[in-house]
Amino acid sequence: MKISVTVTLKKDVLDPQGKVVKQTLKNMGYANIEDVRQGKYFEIELKENDKANATKIIEEISKKLLTNTVIENYTINYK
Amino acid sequence: MKSSVIVFPGSNCDRDVAIALEKFQIKNQMVWHNETTLPKSDLVVLPGGFSYGDYLRTGCIASKSKIINSIIEHGKKGGLVLGICNGFQILIETGLLPGALLRNKKLKFLSKNVFLKVINTDNRFCSNYKNKDIIKLPIAHNEGNFFGNSDLIKKLEDKKLIAFKYCNDQGKVEKISNPNGSSNNIAGILNDKKNILGMMPHPERLIDPILSGEDGSILFTSLLKS
């Protein structure tokens, strides 16, 4: 089973890289960009066919390793 | 007093801190990250550097290494733990210290001397700073922007768990002397029991009057007092 996890900084955490990307886009002429937040993306291949079991494992590794839950959120995407 | 310096792939201040410890007659051992048991130690030091190339998040991979469980156990039993720079990042990733260390606000790697105000001296690491509470130590980091939500910052302030804050040469803690954007200018914090200290500046680099100065020595001499 292929699952991806997107990790983003929580709303109230400053994202200086996102800010720079946003400013650069504005400088490039994209005046209607309102906000950019930079994150991380993981593609995980799991030996598991049951979606509920897979979710349980992915939730666990997302909390234990892929994110620092103090500052980051994650979303799980199924392919 | 016995210490262990933990060496990870990518540590680069491990030997500096070992020299500092030995200078103050602390009997030190280097411990490779793949060991599972900690030699008998009063103090564990997590040194600066770029453990595991800063992959995923700074300090993150080191916080899952084989030696870590014995360090967590040591810390929870009240044993002394000192994390400097990358060591501080590792302590936060293990959960031994709260908060997070984000990228520096201005996105630049900072390598310079900064003034620090020693905020609380009532702990094993800082007691000798009573007579000298404005010091100058070097910082060298890219992710030193200490972040905590308002509850955490309030708790750290109220419970006197902040060891160092960035300040000006007069000891005034102000926004302009904050190099990396840390909440409340925080440069180093202690855990609730005050046996674990994490700090971004490098005390081990200032232990020699000829080479650098001795503002860092005071931390090591404090440790010797029991």
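So, what share of the 226 residues of chain B count as buried? The answer is 54%, where buried takes 20 or more other C-beta atoms within 10 Å of a residue's own, exposed takes 12 or fewer, partly exposed sits in between, and the C-beta atoms are placed from the backbone.

Before I go on, a word on the model. It's a predicted one, so local features need pLDDT of at least 70 and side-chain atom pairs count only at pLDDT 80 or more, while totals for chains, interfaces and linings use all residues. Residues are numbered from 1 along each chain as its sequence is written, and chains are lettered from A and ligands numbered from 1 in the order in which they are written.

Okay, chain B overall. It has five helices and eleven strands; those are DSSP runs numbered from the N terminus, H or I with at least four residues for helices, E with at least two for strands. Its C-alpha atoms fill a box of roughly 45 × 35 × 35 Å along the principal axes. Of the chain B contacts with a separation of 6 or more, 75% come from residues 24 or more positions apart, a contact being two C-beta atoms, placed from the backbone, within 7 Å.

Let's zoom in on B:Asn128. You'll find B:Asn128 in the loop between strand 6 (110–118) and strand 7 (134–141) of chain B. Leaving out residues up to four places away in sequence, B:Asn128 touches B:Ile218, B:Thr221 and B:Ser222. B:Ser222 is 94 residues away along the chain, yet the two C-alpha atoms are separated by 5.1 Å. And B:Asn128 counts as partly exposed because it has 18 other C-beta atoms within 10 Å.

Over to chain A. Strand 1 (residues 2–9) pairs antiparallel with strand 2 (residues 39–45) over seven bridges, and pairing here needs at least two DSSP bridges. In that pair, A:Val5 stands opposite A:Phe42. Strand 1 also pairs antiparallel with strand 3 (residues 72–78), over seven bridges, with A:Ile3 opposite A:Tyr78.

Last, where the chains meet. The contact takes nine residues from chain A and nine residues from chain B. On the chain A side, helix 1 gives the largest share, three residues.
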